[in-house]
Amino acid sequence: MTPAVESDDGAKYHRDFTLSITKALGDQLADALEGLDRAPLTDDSIDDLKEKPGVYQLYLNGEFVYVGKADKSIPARLRQHLRKIGGRRGISLQDVEFSCLYVAEDFSALAPEQLLITHHKEAGQIPWNNNGFGNKDPGRNRDSTVLKANHFDMLFPIDLERTVDGLTPGVVTLQKLLDEVKAGLPYNFRYQKSPLFKQRLVTVPEANMTADSVFRLIAKEIPDSWQIVALMGYVIMYDDSPREYPSAWHYYRGAESFEAAPEAEPPGPIAEAEETDEDA
């Protein structure tokens, strides 16, 4: 016979019960994703997906590292990750896989990715949900931030040897070159505007130039009071030379180009910006 359950006052026919619907949903989502195979994070794999909203998981060398969401399109969001990871040092796209679930639009209000995050954090998983992987350009006020040692940008800095896509060889305005560099890199290039850029002509020697080569070229064309600074996660260009930045690892000042030693704080949790399909 099944024993009766007593309540706080000793009664056997009634007691308090808490129903956790959100935990049940999180467990179901995790189980559904666990039952899926994983696909390499490539254009071919992403092309096979439906243009639908949902949640997804990323794996690095077989380790489960990240839970994300797509409010409108899983393929669009995964392409953003493919582009970002493809422009980093210390990590290869060949080592990254994903799986995903399409989630009904009316279910998105329940924040399914948060249900999954809560579920997996209890097991100490998904380290990239705590290290800034999903964050976008933090803006000018955060350029001087000292990053934690476990920040995604510290673990996998931007690659200046990455070829810039879409360059126009020949004589172009400096403004056109800046626009093409911004569009052709898999990481952000933020720069201060100046009327000078629309007037200054620059000769781009070839279409296939690395970011390092292009930044060297640009640095020689901007005024001496300007500089280009490669931070750990993105590049900036401002009229503030010789200002130094804690998380900078490379400077371009006129004809001079040199590396620096970025500072780092002890490892710890990092605030994660909310992701959307529209974010670049």
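The buried residues of helix H3 are covered by elements that include helix H2 (43-47), S2, S3, S4 and helix H5 (152-155). Contact here means heavy atoms within 4.5 Å, and helices (H or I, at least four residues) and strands (E, at least two) are DSSP runs, numbered from the N terminus. Before we go on, please keep in mind that this is a predicted model, in which local features need pLDDT of at least 70 and side-chain atom pairs count only at pLDDT 80 or more, while totals for chains, interfaces and linings use all residues. Residues are numbered from 1 along each chain as its sequence is written, and side-chain values use heavy atoms, with hydrogens and water left out.

Let us stay with H3 for a moment. Its buried residues are Ile-74, Pro-75, Arg-77, Leu-78, Gln-80, His-81, Leu-82, Lys-84 and Ile-85; buried means under 20% relative accessible area, exposed means over 50%, and partly exposed lies in between (1.4 Å probe, protein chains only). At its N-terminal end, H3 is capped by Ser-73, which has a side-chain oxygen 3.1 Å from the backbone nitrogen of Ala-76. Such a polar contact is a pair of N or O atoms within 3.5 Å; within protein, one must be able to donate a hydrogen and the other to accept it, and residues adjacent in sequence count only if both atoms are side-chain atoms. The length of H3 can be checked too: at 1.5 Å a residue, its 13 residues should span 18 Å, and its end C-alpha atoms are 18 Å apart, which agrees. The expected span is 1.5 Å times one less than the number of residues.

Now for the sheet. It is an open sheet of 4 strands in the order S1-S4-S2-S3, with antiparallel pairing. Strand S1 (39-40) and strand S3 (63-70) are at the edges with a single partner strand each, so one side of each has no neighbour in the sheet. H3 (residues 74-86) packs on this sheet and touches S2, S3 and S4, its direction making about 25° with that of S2. For that angle, axes are lines fitted to C-alpha atoms, for helices over the stretch in contact, and angles run from 0 to 180 degrees between N-to-C directions. Within the sheet, S2 (residues 54-60) pairs with S4 (residues 96-102) in the antiparallel sense over 7 bridges, and Leu-58 has Phe-98 in S4 as its bridge partner. Two strands pair if DSSP finds at least two bridges between them.

S8 is joined to strand S9 (residues 235-238) by 4 bridges, running antiparallel, and a hairpin of 3 residues connects S8 to S9. Ile-228 has Met-237 in S9 as its bridge partner. Strand S10 (residues 248-253) also runs antiparallel to S8, again with 4 bridges, and here Leu-231 is partnered by Ala-248.

At 29% relative accessibility, Pro-262 counts as partly exposed. Its C-alpha atom is 8.9 Å from that of Met-154, a residue 108 residues away along the chain.

Aromatic rings are our next stop, with 13 aromatic pairs in the structure. Rings of Phe, Tyr and Trp (its six-membered ring) pair if their centres lie within 6.5 Å; planes under 30 degrees apart count as stacked, over 60 as edge-to-face and the rest as tilted. Phe-189 and Phe-215 are edge-to-face, at 5.2 Å centre to centre and 65° between the planes. Phe-189 lies in strand S6 (residues 189-191) and Phe-215 in helix H8 (residues 211-221), so this pair ties together parts that are 26 residues apart in sequence. Phe-189 is buried at 0% relative accessible area, and Phe-215 is buried at 1%. Tyr-251 and Phe-258 are stacked, at 5.3 Å centre to centre and 20° between the planes; Tyr-251 is buried at 3%, whereas Phe-258 is partly exposed at 26%.

Finally, the protein chain has 8 helices and 11 strands, and 45% of its 280 residues count as buried.
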